[in-house]
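Thanks for passing this one along.

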Amino acid sequence: MATTVLDQHGVHAAHGEKTGLWSWLTTVDHKRIGILYGSTAFFFFLLGGLEALLIRIQLMKPDNNFLTPEAYNQLFTMHGTSMIFLAIMPLSAMFFNYMIPLMIGARDVAFPRLNAFSYWVFLLGGLFLNAGFLFGAAPDQGWYGYANLTSRQFSPGANVDFWNMGLQILGVASLAAAVNFFVTIVNMRAKGMTMMRMPMFVWMSFITQILLLLAFPVIAVALILLMFDRFFGTNFFVPAGGGDPLLWQHFFWIFGHPEVYILVLPAFGIISEVLPVFSRKPLFGYAAMVFSGAFIAFLGFGVWSHHMFTTGMGPIADTFFSLATMLIAIPTGVKIFNWMGTIWGGSIQYKTPMYFAIGFIAMFIIGGLSGVMHASPPADLQQNDTYFIVAHFHYVLFGGSIFALTAGAYYWWPKMSGRMLDERLGKLHFWLMLIGFNVTFFPMHFVGLNGMPRRTWTYPAELGFQALNQLETLGAFILFLAFSVFLVNIFKTSRGPRNAPADPWNGATLEWSIPSPPPEWNFQQEPVVHGRDPLWETKRERGGRLPEPAPGTGAGIHIPNPSYWPLVSAIGVAGLFVGIMLVHKTGPWGIIVGVAVLFLGIFNWLFEKGYSEFRTSAPGGH
Amino acid sequence: MHARTAAARRLTGLVPFLVLLALVVAGCNPERYPQTALLPLSDYAKIGDHLQDLTFFWAVGVFVLVEGALLYAIFRFRGRPDDAEPPQIHGNTTIEIIWTLIPALILAAIAVPTVRGIFETNAHPSGDVLKIQVIGHQWWWEFRYPEYNVTTANELHVPVGKTVELLQESADVIHSFWPPRFAGKRDVFPARQTRMWFKADSAGLFPGQCAEFCGIQHARMAFQVRASNPAEFDGWVAHMKTLGPPKPAVAAPAADSIKTASAGATVQGPQAKPQVPQAKADSAAPASQDPEYAKGEQLFKMKGCIGCHSLQAVDAPKGMIGPNLATVGSRAYIAAGWLKNTDENLEHWIREPQTVKKGVLMPNLGVTVEESKALRAYLRAHQ
């Protein structure tokens, strides 16, 4: 039964309902939803990357007319918005979905249909946001949408509305998912897995869900106020009507700074899983890692105004936000030192995930240090809104999040697909990405301090920016090549055999104790946990590698039924916002239809039979 | 032995990157960048620059140590799959406390001067201070000198050695005023005043630009700071004070014919002999004698230019949509610090503003080549 080449496909097919479009549209399986999140987010990531490439071509030479200013402004707005909301967040969500239940020894998330709903809302929100391109009216006011440029007076087109409604839709998805994973982690851990035995990825994900729950309502409120300003004539941010555009900045960054940690804490979690496994040594300072993560998240709500030093808040506010920001460097430093302590004295196995994880540490250090540089307001007055900042946050979000997510992709790919990725292509991907990344973003530090502001569609020759910009564009093409290699790797290995064993890396956590890919019910028997590295402990007890596990038959295991009502409800949510956008054309009818569909979806969702025994579940749900 | 050669090979592999790094470092020499923030020319900018140097110093030190330790670890602790399991260390409280405290101490070393810098830069300048109003418009800058009752646009004149305080506001959306050689940026809001100050310590012409995204032509919302010696600055002020409003008596007749319009004495200001050292127009014949000038003057009204642009520096009206043109002829740049103020550029700009700076609030007014030459002549005379 136990062989290294397993064909789970056969096992699934035996149940007769697991293939075809309909099975994906109605799935409530956290693993399939994870794959949907991952593939959708990766598509948007490539789209955002192409937008960046166009931006880099435009900036290759001074006074370039490759792009019009409108096109450039749309592209930089959509690049930022996409990478944050449609790429990095949902790529993290892919791992939340697929890995959290496996790592805590659960058979699914707490609310499987809510999980499907989150995905469908996310997909529709992402498509809605990008739909602006079809009408030549993609968002063009920056991902942070500062008022009062977003008022009807200064942005009469639908551009801002695509952005506003798109983000509101995406916010629904994020909040629903956050509730789901919060409850899952609190309630569904395997027997013996106390909070302080949770894998670090689960811990960091848990903290991320709390951040999402606290930060997203703020942006939702701000977006709704903006929507009322634009559609119903209110003046929350309109100075002529007594409103205050500065209020938007406070709203936005009270959400926006925690958002940075929403993007980067899951990355910290991934790195904290990869480093111990490939160093063959447990994570150094587990408790310190947990508390530093929590402390970073807590402080993250008290530093928002460091994005606003140039607004002139006065010395007291500047001092407070400056010192709070510097304070964040301490727990962040603790994390970096603990990661190095994990490697130190280990027996490092250089597989592709480890390359990316070490690349993450090296790059994230740079982003952290430049962050301390603009925690000092008098210095930040020069750095703010220049390419120095662009360099800084790309070292955090690309050198940090993307490197870590890529490490996670190579690490968990065998578990998710049942196939090993090619190591040589993986390492080629790493080197191209490391070089391309640094060639693109390191010169931005210099070009920024030497006077190049952000969000400018072109620059004059006499300011001297050309040479470094050309270098940056070259780097962007190397990055393009790096991700092409990744695509080739995925494509090539997907045609190969299902050759991934259950535990290819000598893993420490529960997901490696079950077949790759796992059966729909994940664990034939609910695992019992006795320590922080449960699988290592089992292997030690039994004196070495475990035999390839059997997937089991799933007999007697309760599995949620497939359901299309989450999809219907998601269409209702999107329809509601489309209705608001068309309110001046169709009157309230669009909104009414959207709400009706949403109500229909939720009503049927509530009254359908949610669970049945796997073996007896009927295809298609009810 | 084998490990050592492999390591050496890895190091030689680094050579191209070192070469690249050298090129990058060479490309970063701030002298090559007129808009650099790294060569401050005022007391205010030096406060920030000093703090930046301080944090940079610490950042480089931490970078070298931590990345060095990381590099050491990834070479030193390479393992093979069949190696014995390394010692399973879960942590070390003493070390963890040490590496929490050391960053805290470094941050304290940065925080103390930072707080001092915050209070210095936020202080109200006292003593002999020249107040200048900075008004951001989509996509140009208005500078008003209430003390002298004069106004100009896109070229901020400041005296060397005297503190200027900028009182900033926006006419439309949020902008950010950024003259990097003299100060960091300060955002400019509608219906909210922000301030900043600096004392220039060198004379010259230095670029700056808007640093807050403010719409389609945010990239082309630049300006120049002209810092001049006190005598020169006083001369400029004296000259500006002569650029008053046109005399009421010569309110233009309904301009049905350019030819019959009374050329010359309609606008007093521009024809006044500039008294300033940098003025170059002394040798020119009075502009009023130039038929192109007269034609341009008519066109300036007929084409509607006058609806958005004021030509008087003294008592300049507030709330104009376009920049004040009282001294446009002598400015180094046009189109908000974007184009060199050559005759060719000025004519092109007048003819096709939507080609030169797409989305700008000045529409293409159907100005012919001939007309643009006349308008150029007229505006050029506004020194």
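The points below go from the conventions to the interface, then to the salt bridges and the backbone.

1. First, the ground rules. This is a predicted model, in which local features need pLDDT of at least 70 and side-chain atom pairs count only at pLDDT 80 or more, while totals for chains, interfaces and linings use all residues. Residues are numbered from 1 along each chain as its sequence is written, chains are lettered from A and ligands numbered from 1 in the order in which they are written, and side-chain values use heavy atoms, with hydrogens and water left out.

2. Chain B as a whole. Its secondary structure comes to 10 helices and 12 strands; helices (H or I, at least four residues) and strands (E, at least two) are DSSP runs, numbered from the N terminus. Of the 383 residues in chain B, 51% are buried, where buried means under 20% relative accessible area, exposed over 50% and partly exposed in between (1.4 Å probe, protein chains only). Take the contacts (heavy atoms within 4.5 Å) in chain B between residues at least 6 apart in sequence: 65% of them join residues at least 24 apart.

3. The interface by area. In chain B, 95 residues are in contact with 97 residues of chain A. The two chains bury about 8000 Å² between them, 66% of it on carbon and sulfur atoms; buried area is the accessible area (1.4 Å probe) that two parts lose on being put together, summed over both. On the chain B side, B:Phe77, B:Trp99 and B:Phe213 lose the most area to chain A, together 9% of what that side buries.

4. The interface by pairs and elements. Between chain B and chain A there are 6 salt bridges, a salt bridge being a side-chain nitrogen of Lys or Arg within 4 Å of a carboxyl oxygen of Asp or Glu. A:Asp63 and B:Arg220 form a salt bridge with N to O at 3.1 Å. On the side of chain B that touches chain A, the largest share, 19 residues, comes from α3(B).

5. A residue to look at here is A:Ser347. Which loop holds A:Ser347? A:Ser347 sits between α10 (315-343) and α11 (352-373) of chain A. A:Ser347 counts as buried because its relative accessibility is 5%. Beyond its neighbours within four places in sequence, A:Ser347 is in contact with residues including A:Phe278, A:Arg280, B:Phe77, B:Arg80 and B:Asp83.

6. Helix α4 of chain B (residues 93-122). With 30 residues at 1.5 Å a residue, this helix should span 44 Å, and its end C-alpha atoms are 42 Å apart, which agrees; the expected span is 1.5 Å times one less than the number of residues. At the start of α4(B), a side-chain oxygen of B:Asn92 comes to within 3.1 Å of the backbone nitrogen of B:Thr94.

7. Salt bridges within chains. B:Arg380 pairs with B:Asp343 in a salt bridge whose closest N and O atoms are 2.9 Å apart. This pair links distant parts of the chain, with B:Arg380 in helix α10 and B:Asp343 in helix α8 of chain B, 37 residues apart. B:Arg380 is buried, at a relative accessible area of 18%. Salt bridges that share partners join B:Asp343, B:Glu347, B:Lys373, B:Arg376 and B:Arg380 into one network. In chain A, A:Glu423 forms a salt bridge with A:Lys427, the closest N and O atoms being 3.5 Å apart.

8. Backbone spots to check. Most residues other than glycine have a negative phi, and most peptide bonds are trans. A cis peptide bond joins A:Ser516 and A:Pro517, with omega about -15°. Another cis peptide bond joins B:Gln138 and B:Trp139, with omega about -10°, and B:Trp139 lies in the loop between β1 (129-137) and β2 (140-145) of chain B. B:Ala336 has a positive phi of about 60° although it is not a glycine; B:Ala336 is buried, with a relative accessible area of 3%.

How values were computed. A polar contact is a pair of N or O atoms within 3.5 Å; within protein, one must be able to donate a hydrogen and the other to accept it, and residues adjacent in sequence count only if both atoms are side-chain atoms.
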